[in-house]
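The following questions and answers go through a protein structure step by step, from single residues to the overall fold. Please keep the sequence and the coordinates open while reading.

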Amino acid sequence: MMEKIDHIGIAVRDIEAAMQFYRDCLGLSVSGVEEVAEQKVKVAFFPVGESKVELLQSTDPEGPVAKFIESRGEGVQHISFRVKNIEEKLADLKAKGVRLIDEKPRYGAGGARIAFLHPKSTGGVLVEICER
Ligand code: ZN
């Protein structure tokens, strides 16, 4: 089952500039900035209560976040749901006919295991499931 919204992923062109808004205007504190080579992004997490905002800046013009910004502009890119057992959840979703981008979990920021579901199966939202 879904435990909570783990984080909301926001695609930005300039992570330093975007961080200013979350830090200086919203008053949030960054919990970490790291580069996730596999996804060609640099990310910054801002915890908000039980959840987080994840800012994503592409490190490669061919990366998924760069392509997202190219076609849709900056903004909310994905919503991530926390699950207890990601393999079980993927098998369950597949059995229900949901199109998966990742058949198997891979590693995301903070060592989380993540997988994306195809927006064609979710009403246009890029959904991530993650296990920590
Ligand atoms: Zn994410």
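Q: Is Cys25 buried or exposed?
A: This is a predicted model, in which local features need pLDDT of at least 70 and side-chain atom pairs count only at pLDDT 80 or more, while totals for chains, interfaces and linings use all residues. Residues are numbered from 1 along each chain as its sequence is written, and side-chain values use heavy atoms, with hydrogens and water left out. Buried means under 20% relative accessible area, exposed over 50%, and partly exposed in between, with a 1.4 Å probe and protein chains only. Because its relative accessibility is 59%, Cys25 counts as exposed.

Q: Which class, buried or exposed, does Cys130 fall into, and how many disulfides does the structure hold?
A: Cys130 has a relative accessibility of 0% and therefore counts as buried. A disulfide is a covalent bond between the sulfur atoms of two cysteines, and here it is assigned to a pair of cysteine sulfur atoms within 2.5 Å. By that criterion, the number of disulfides in the structure is 0.

Q: Among contacts between residues at least 6 apart in sequence, what percentage joins residues at least 24 apart?
A: Contact means heavy atoms within 4.5 Å. Among the contacts in question, the part that joins residues at least 24 apart is 55%.

Q: Where is Lys40 found, and what is its phi?
A: Most residues other than glycine have a negative phi. Lys40 sits in the loop between strand 2 (32-36) and strand 3 (41-48), and its relative accessible area of 34% is why it is partly exposed. Although Lys40 is not a glycine, its phi is positive, at about 55°.

Q: How far apart in space are Gly108 and Glu35, C-alpha to C-alpha?
A: Gly108 belongs to the loop between strand 6 (106-107) and strand 7 (113-117), and at 10% relative accessibility it counts as buried. Leaving aside neighbours within four places in sequence, Gly108 is in contact with Val36, Gln39 and Ile114. Gly108 and Glu35 are 73 residues apart in sequence, and their distance in space is 9.7 Å.

Q: Which residues does Lys52 touch, not counting residues up to four places away in sequence?
A: Lys52 is part of strand 4 (residues 51-58). Despite the charged side chain that a lysine is counted as having, Lys52 counts as buried because its relative accessibility is 18%. With residues up to four places away left out, the residues that Lys52 touches are Asp6, His7, Ile8, Phe45, Phe46, Pro47, Arg82 and Arg132.

Q: What distance separates the C-alpha atoms of Ser31 and Phe46?
A: Ser31 is placed in the loop between helix 1 (15-25) and strand 2. Beyond neighbours within four places in sequence, Ser31 is in contact with Phe45 and Pro47. Ser31 and Phe46 are 15 residues apart along the chain, and the separation of their C-alpha atoms is 5.8 Å.

Q: What distance separates the C-alpha atoms of Val83 and Arg132?
A: Val83 is found in strand 5, and a relative accessible area of 2% makes it buried. Its contacts, leaving aside neighbours within four places in sequence, include Ile129, Cys130 and Glu131. Val83 and Arg132 lie 49 residues apart along the chain, with their C-alpha atoms separated by 8.2 Å.

Note on methods: Helices (H or I, at least four residues) and strands (E, at least two) are DSSP runs, numbered from the N terminus.
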